[in-house]
Amino acid sequence: MITLAPGKMDGKEFVSHAPGYWPDIAPELWNDWKWQLKNRVTSLAQLEQHLVLSNEERSGVLLSGDKLALAVTPHFFNLIPRDNPGDPIRRQVIPRIEETWESPYDMADPCGEDSHMPVPGLVHRYPDRVLFLVTDRCASYCRYCTRSRVVSGVGEQELHTDFEEAFRYLEQHTEVRDVLLSGGDALIFSDDKLEKILSRLRAIPHIEFLRIGTRVPIFLPQRITPELCAMLAKYHPLWMSVHVNHPRELTIEVKQALERLANAGIPLGNQSVLLAGVNDDVETMKTLVHKLLMCRVRPYYLYQCDLITGSSHLRASVAKGMEIIEGLRGHTTGYGVPQFVIDAPGGGGKVPINPGYVLYHDNEKIVIRNYEGKIFEYPETGGDQTVQFAPQREYHDEYLYS
Ligand SMILES: *Cc1c(COP(=O)(O)O)cnc(C)c1O
Ligand code: SF4
């Protein structure tokens with residue numbers, strides 16, 4: 001076990017918070033993922049039993065319940081301090097009245113997924129890969145969830161995944177080589193149910209690559225049993241993207257769950273959402289990526305928060321995201337630097353957003369800036385007519401002058 005001296009940085013050390021608010025619970029129950037799910041905190045009364053709520057939170061719980069359910073596993077709930085409503089963990093899972101506010105840019109389906117669904121539950125936006133929404137349930141619910149229109153089952157829309165239709169579509173579409181299981185959270189299924197889906201996908205010869213996007217290892221590390229890992233290992237190559245936003249989410253239990261997955265040969269990536277008051281500063285993100293690397297997880301994406309209705313209080317600026325990347329690249333391990341992306345509103349897919357390291361580029365030279373701000377020149381080979389820069393510039397001009 002790695003233990004680090006507690007320093008100034010919030011949450012660099014791996015700690016366990018059990019039993020926390022559940023002092024009387026037997027360890028066998030605590031470690032049983034079904035007990036964790038059954039005993040989730042889902043009501044105002046349960047919240048008030050443990051926390052001193054602010055007015056914003058209390059009204060948030062009462063008024064936002066028909067948009068996205070409240071549910072927090074006991075494991076994750078133990079990370080929430082009794083008093084501080086501004087706590088970065090608390091802001092992610094406890095509703096606030098701001099969720100009922102609408103800002104002019106807010107959308108119910110910010111990534112335009114519904115319009116890219118050839119079959120209910122299957123989003124086919126990119127040429128060679130699909131997003132397969134296998135359930136609308138999660139272990140706990142994130143207040144900024146980009147799919148809150150369907151997730152948790154209380155919102156305005158319902159997810160009706162047609163599994164047979166989806167498998168038929170995938171069989172017919174030989175260009176699909178990568179299937180990403182998401183939802184909701186696929187790891188909420190029993191081993192058997194999940195295995196039925198994985199084995200069915202593996203029976204399709206052109207599907208080379210399987211991955212699961214999940215927050216279960218963080219919300220419910222007890223779910224990552226040796227049996228689950230052994231089952232998943234039968235379907236390699238299978239990769240996993242987990243979702244951690246703040247270093248304190250990486251507890252001892254979560255670290256051990258991630259190690260079990262890594263030991264089953266599953267390459268692990270992390271997707272973080274840039275969130276105001278949660279992780280919108282360089283030091284917090286640096287601590288997070290260092291802890292992820294210690295858990296054998298490679299930071300994959302940092303997402304600009306989607307324009308989901310009721311999330312404006314959690315959205316940080318794009319400039320802040322770029323500042324964070326700038327503060328990581330060169331300053332720490334390259335494996336620890338995620339790609340910052342905006343999922344283009346309306347359905348354009350993920351677009352990489354990078355700090356400006358290219359200062360000038362023509363067919364004679366490129367002028368670049370390093371992490372310290374020093375400027376360098378590299379000669380361009382010239383004469384390569386197959387590489388074009390112009391379209392971007394033309395589009396840019398059109399965009400500016402139209
Ligand atoms: C994010 C996403 C993917 C996977 O994208 P990668 O960049 O390959 O990780 C696939 N389909 C949809 C609809 C997505 O939103
Ligand atoms: S775990 Fe993922 S799908 Fe579930 S509520 Fe959080 S962001 Fe949404």
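**Entry 1**

I started with Arg129, which is partly exposed at a relative accessible area of 27%. For the record, buried is under 20% relative accessible area, exposed is over 50%, and partly exposed is what falls in between, with a 1.4 Å probe and protein chains only. I am working on a predicted model, where local features need pLDDT of at least 70, side-chain atom pairs count only at pLDDT 80 or more, and totals for chains, interfaces and linings use all residues. My numbering runs from 1 along each chain as its sequence is written, chains are lettered from A and ligands numbered from 1 in the order in which they are written, and side-chain values use heavy atoms, with hydrogens and water left out.

By salt bridge I mean a side-chain nitrogen of Lys or Arg within 4 Å of a carboxyl oxygen of Asp or Glu.

How many salt bridges does the structure hold? I have 25 down for it.

I picked out Asp178 and Arg211, whose closest N and O atoms are 2.8 Å apart in a salt bridge. Asp178 belongs to strand S3 (residues 178-182) and Arg211 to strand S4 (residues 209-213), so this pair ties together parts 33 residues apart in sequence. My helices (H or I, at least four residues) and strands (E, at least two) are DSSP runs, numbered from the N terminus. Asp178 is buried at 3% relative accessibility, and Arg211 is buried too, at 13%.

Then I went to Arg149 and Glu113, where the side chains make a salt bridge of 3.1 Å, N to O. Arg149 is in the loop between strand S2 (129-133) and helix H7 (163-172), while Glu113 is in the loop between helix H6 (88-93) and strand S1 (122-126), so the pair links parts 36 residues apart in sequence. Both Arg149 and Glu113 are buried. I also noted that a network of salt bridges links Asp109, Glu113, Asp114, Arg147 and Arg149.

**Entry 1: helix pairs**

A reminder to myself: two packed helices are described by the angle between their axes and the distance between the axes. I take axes as lines fitted to C-alpha atoms, for helices over the stretch in contact, with angles from 0 to 180 degrees between N-to-C directions.

On the H12 side, Val282, Met285, Lys286 and Val289 make the contact, and on the H13 side Glu323, Ile324, Gly327 and Leu328. Contact here means heavy atoms within 4.5 Å. I sorted the residues of this contact into five nonpolar, one polar and two charged. In this scheme Ala, Val, Leu, Ile, Met, Phe, Trp, Tyr, Cys and Pro are nonpolar, Asp, Glu, Lys and Arg are charged, and the others, Gly among them, are polar.

For H8 (residues 191-202) and H10 (residues 226-233), I have axes within 10 Å that cross at roughly 10°. H8 and H10 are therefore roughly parallel. Asp191, Leu194, Glu195 and Leu198 of H8 meet Glu227, Leu228, Met231 and Leu232 of H10. This contact of H8 with H10 splits into five nonpolar, no polar and three charged residues.

Most residues other than glycine have a negative phi, and most peptide bonds are trans. I went looking for exceptions.

Ser152 is not a glycine, yet its phi is positive at about 85°. Ser152 sits in the loop between S2 and H7 and is buried at 6% relative accessible area. Arg296, also not a glycine, has a positive phi of about 65°. Arg296 is in the loop between H12 and strand S7 (297-303) and is partly exposed at 44%.

I logged a cis peptide bond from Ala18 to Pro19, omega near 0°, with Pro19 in the segment before helix H1 (27-30). His236 and Pro237 are joined by a cis bond too, omega about -5°; Pro237 is in the loop between H10 and strand S5 (238-242).

Terms used. Angles under 35 degrees count as roughly parallel, over 145 as roughly antiparallel, 65 to 115 as roughly perpendicular and the rest as oblique.
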